[in-house]
Amino acid sequence: MTDNTTIILHGFWRSTASWRVRIALEWKGLGWSNVPHHLRLGEQRAPEYLALNPQGFVPALEIGGDVLTQSLAICEFLDETHAQPPLLPKDAVARAKVRAAAQVIACDTHPLQNLKVLKMLKKLGLDQAATDGWAAEVIEGGLEVFASLIAGNDGPYCFGENVTLADVLLVPQLGNARRFGARFDFGRIVEVEAACMKLPAFIAAAPENQPDAE
Ligand SMILES: N[C@@H](CCC(=O)N[C@@H](CS)C(=O)NCC(=O)O)C(=O)O
């Protein structure tokens, strides 16, 4: 367990859920250190890690002497405890819309294509090409809906001129889209990604910039 000032992110360079938390930490200008857990080697299921996150998923964040799990909950915690720069709008309707877009990815897209699910599909007899195809189809469906949810805004970011939690979710999911060969030419999402990737927080959080990147 950490003291009250140290922030430790338990993650993996390619994990999109860890990537979300890295963006939020960088966005808030917080100093943090990285403890990698290699997902392909199953390190997320080691007893020492399960003591931190019994679900056996990264990320887990040690902060303020506590351990937090679930990337959305962590991002919102960071936003609540470090108000500037914000990740959620002040207006309640706008906030609900940002959360809805974020949840399309975090709740309805990514969980269907994470490593655990793809392994289960393989157990049921699907080969690599079929599981990759499954992941691509799930991602395309999620991104198409996401694009329609942000369509009414001018940009440059998902919901206008300010970065929100929706951008924090979108950029990593596009990483997975590329990885699985999914289409992502929906609405403004590629333009939003390009705008985000000009920002230091998004650059610092990118998988290829992590010490455990392969
Ligand atoms: N809903 C969780 C999802 C976490 C999750 O699926 N993490 C993946 C990496 S992106 C993982 O640890 N996978 C390990 C496995 O499937 O065994 C969150 O947002 O934190």
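Predicted model: local features only at pLDDT ≥ 70, side-chain atom pairs only at ≥ 80, totals over all residues.

Residues are numbered from 1 along each chain as its sequence is written.

Q: How far apart do the C-alpha centres of domain 1 and domain 2 lie?
A: The bounds come from an automatic or database domain assignment. They put domain 1 at 8–85 and domain 2 at 92–202. Between the two C-alpha centres the separation is 19 Å.

Q: Which helix gives the largest share of the side of domain 1 that touches domain 2?
A: Call two residues in contact if their C-beta atoms, placed from the backbone, lie within 7 Å. On that basis, 11 residues of domain 1 meet 15 of domain 2. Helices here are DSSP runs (H or I, at least four residues), numbered from the N terminus, and H1 (16–27) and H3 (71–81) each supply at least two residues of that side of domain 1. The largest share, 7 residues, comes from H1.

Q: Is Pro 207 buried or exposed, or in between?
A: Pro 207 sits in the segment after helix H9 (200–205). Buried takes 20 or more other C-beta atoms within 10 Å of a residue's own, exposed 12 or fewer, and partly exposed falls in between, with C-beta atoms placed from the backbone. Because Pro 207 has 19 other C-beta atoms within 10 Å, it counts as partly exposed.
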